[in-house]
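Please consider the following structure together with its sequence.

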Amino acid sequence: MKRLIALIVFIVGYLPILHAQQNSLASDSIGNEILSQEVTLDSLFVATDSMKLGVKTNLSVGSILTRVINKAQQHAISLSEIKLELGDNLDTTEISEELPNIKTFADMIKQNISENKNFINLRYLKGLDNLIRTVNEENQKHANNINERVKVYNEIGNKLIEIKSDSLFNLSLKDTTLAPIINSELNSLKRSLKSIDSSFLYSEISLVKFQASASENAILLMEMRQFITENQKRLEKEALGKEINFIWEPSNFEQSITFLEITRQSSLVNLLIIILYFGRQYITIFLVSSIIIGVFLKIKRIVSKISNENEFASLILDRVKYFRKYPLASTIILIMPFSLIIFKNPPLIFVSILSLLLAIGSTFLVKQQFGSTFHRYWLTFFPAYIMIALSGLQWRIAYQERWFILLISVLFILMGILTLKDLKHKNFTGSVFLKSASIFLIVCQLCSLFLNFFGRFNLSKTFAVTGVINFYRAVGLFLFIMVTMEAVYLITEYNKKGSNGFTSFFDFQDLQKRMKGFLIFFTSTIWLYGVIWHLGYFDHIYEVVSKFLLEDRVLGDTNFQYGSILLFIIIIYISVFLANNIAYFATMKDQKTSLTRKQRLGSSVLLIRLGVLFVGFFIGATAAKIPLDSIAIVLGALSVGIGFGLQTIINNLVSGIILAFERPIQIGDEIEVGTSAGTVKDVGIRASKIQAYDGSEIVIPNGDLLSQSLINWTLSDKKRRIELIIGVGYGSDMKLVKSVIEKVLERDKVMKLPAPQVLMQTFNDNSVDFRVLFWVESMDIWVQMRAEVMSAIFESFAENNIEIPFPQRDLYIKSLPEIWREKVSKPGDDLEKPDPENPEE
């Protein structure tokens, strides 16, 4: 307000003088309009060298000064925003501490490898490689923050250059008493610009230093990974060569460092690795721990609820071998295999901890699954498993372990042989698996034993560790399959108490079969990856497979990769898997619930399946980079084949789509097609399945369902009319017959509307036939009700002496042949012996 009053006084007092001395002045600060007018106010401002004199203009002095003030205020606001952005600094304390530490760590590792080049092993190098990845991610995180800040500083610098280039900062009043507020505003603006410019320059220099430090660390870590890769290749080449003496030769290895010192240093390195990894993955570790606790409490609650509330509790829980006795161990086994894959780039020490937890959990369940004999073997050799697992974590070659590895190989060969001997005459769920796992264990230990004899120490240790760890892991993964299916069984039985519970719709046996195949594939993949990884061939296999899949190939004018084809096949397989399982669950739901026909998904499941397959096909084609025009060409070629030989298939496919839209049949409907009758079980893409009343399944092409006469007993409702033909004798009281039948039909399950009818039908040869018509509410009971009514009618007829006649014929004999005579035999006579007096007889 004061500024506005001073401006008005100034303009009113000096307006005549200002109009007389008005000239054009080049000033960037007074907006685009002022820049285009270029006015000078010689009596008001001191002109500088940077101010360009221009043509005169008729702009009023008041409007010019107003725009000067507005522009100054805009710059003040911009400088305030820049000051706030500069105040939002990086955590320079953390960066200034961690970036030098990263460099020191990398230098230390490089020096350590160089000094112990002849004693380090592949496991140590892989552990260091994982550690360097972790440190590199931390360095990259700082580098990304710095780069983001650099982008902000670039924008700030451009704003400052734009502001400093404004000629407003070259203006000064000749007489500061004329407009003191304007003069103060300009001076304050200049001071603020100078201060902010200095702060920006200082911060920019610091940021450049951090950026250079992060880049230097990145280069050093990259060199370290290359250094490790080179040493890995060197050790892999030397692995097949003779490292120490043959076992029958005198010892030829000496080490300046003791085995205990190697163990101590390895423990420190592993501790550092696990601490750094925990610090990076603490959220995931917390989530996994929470899931274990949550699943444990949920399963324990389910078992308790079933035992207390379910009337079939004893029958259900008798089938539960694991969660009933060992809920915590079973929960650990249930979660651990997923933990092996959800953690990103886990170090060896962390993987070993997860494997140990899986083995400890398996210890409690082995007896229930594989018997007490194998359980004793498991416990007896478990300490040896822990010792060989710890030996596998050594970062440095210790040839003193040779005899220990030899002993371990002998022990686990013995364990494998004892297990096979125990399984020789046994046959139970898992016996074939345990035989295969034992053979794998024996083969690995025999390889280790052979390599140890001939001086290939590192390779011998690799086979020994791989065989033992993956044998115990294989048993744990097998138990994971059994525990998972048991958990699903418990949840299914628990939710059956509610009719609307989703799992109560499942046929558990069928669901178990579906799950088992997937679980076997899942666990086999994890186990095979573990074997390859422990043997040290994963990187090579990955490189070879990647090269094979990703290499560009040419077929005619088309470029393609096997990897794209494989990706397309995988996506299509997943689409088929999803489509089939969605159809399965929807079908089971429709079959097990009493929903009305309109509420069922029924044949609409076919549309869902086709939709999933259609979307999967185009996602696969897009992911595999298959051009759509090529697909159009293929479809065009298929149309020729359709015209010649695929008419029937396409007809059935289109008929299936018509069935899905028109919905003349639904899953669960009772239908008749030609001579086939039964319940609709599935409406497929090409054909539909009908379960006949004798239990057989009839596959009917969809085209036949449309082309033939179709009887759907449950299209509108499930009511069914039953017709009986009852015959009575001509001598019966017909009114009594009718009343007796009508009385029989007065029962609960016979519908009152439409009312039952008893009609006299025909006069047959032997009976008077009555036609009995009545309705029942559901197709499901019509056979039972028909039998019940017929039995009741039969009993009522018997009580009322009503005759149910059967066909009769009267036979009249006009004459008999002479040889037909009556013969009276005496007691003891032989009827087959001819009479001597009458030999013709």
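Ile608 is located in helix H19, which covers residues 604-623. In this predicted model, Ile608 belongs to a nonpolar patch on the surface. Helix H18, residues 562-592, supplies the largest share of the patch, with 7 residues.

Attention now turns to helix packing. Two packed helices are described by the angle between their axes and the distance between the axes. For helix H13 (residues 402-423) and helix H15 (residues 457-495), the axes come within 10 Å and cross at roughly 35 degrees. The crossing of H13 with H15 is left-handed. On the H13 side, the residues in contact are Arg402, Ile405, Ile408, Ser409, Phe412 and Met415. These meet Phe457, Ser460, Lys461, Ala464, Val468, Phe471 and Tyr472 of H15. By residue class, the contact of H13 with H15 comprises 9 nonpolar, 2 polar and 2 charged residues.

Two details of the backbone remain. Which form does the peptide bond from Leu753 to Pro754 take, cis or trans? The bond is cis, and its omega is near -5 degrees. Pro754 is placed in the loop that runs between helix H23 (734-744) and strand S11 (757-763). The second detail concerns Asn801, a residue in the segment after helix H24 (782-799). Although Asn801 is not a glycine, its phi is positive, at about 55 degrees.

Note on methods
Residues are numbered from 1 along each chain as its sequence is written. This is a predicted model: local features need pLDDT of at least 70, side-chain atom pairs count only at pLDDT 80 or more; totals for chains, interfaces and linings use all residues. Side-chain values use heavy atoms; hydrogens and water are left out. Axes are lines fitted to C-alpha atoms, for helices over the stretch in contact, and angles run from 0 to 180 degrees between N-to-C directions. Helices (H or I, at least four residues) and strands (E, at least two) are DSSP runs, numbered from the N terminus. A crossing is left-handed if the near helix is turned anticlockwise from the far one by less than a right angle, and right-handed if clockwise. Contact means heavy atoms within 4.5 Å. Ala, Val, Leu, Ile, Met, Phe, Trp, Tyr, Cys and Pro count as nonpolar, Asp, Glu, Lys and Arg as charged, and the others, Gly among them, as polar. Patches are made of residues with over 30% relative accessible area and no salt bridge: like charges are joined within 9 Å, nonpolar side chains (Val, Leu, Ile, Met, Phe, Trp, Tyr) within 5 Å. Accessible areas come from the Shrake-Rupley method with a 1.4 Å probe; for residues, only the protein chains shown count as cover. A salt bridge is a side-chain nitrogen of Lys or Arg within 4 Å of a carboxyl oxygen of Asp or Glu.
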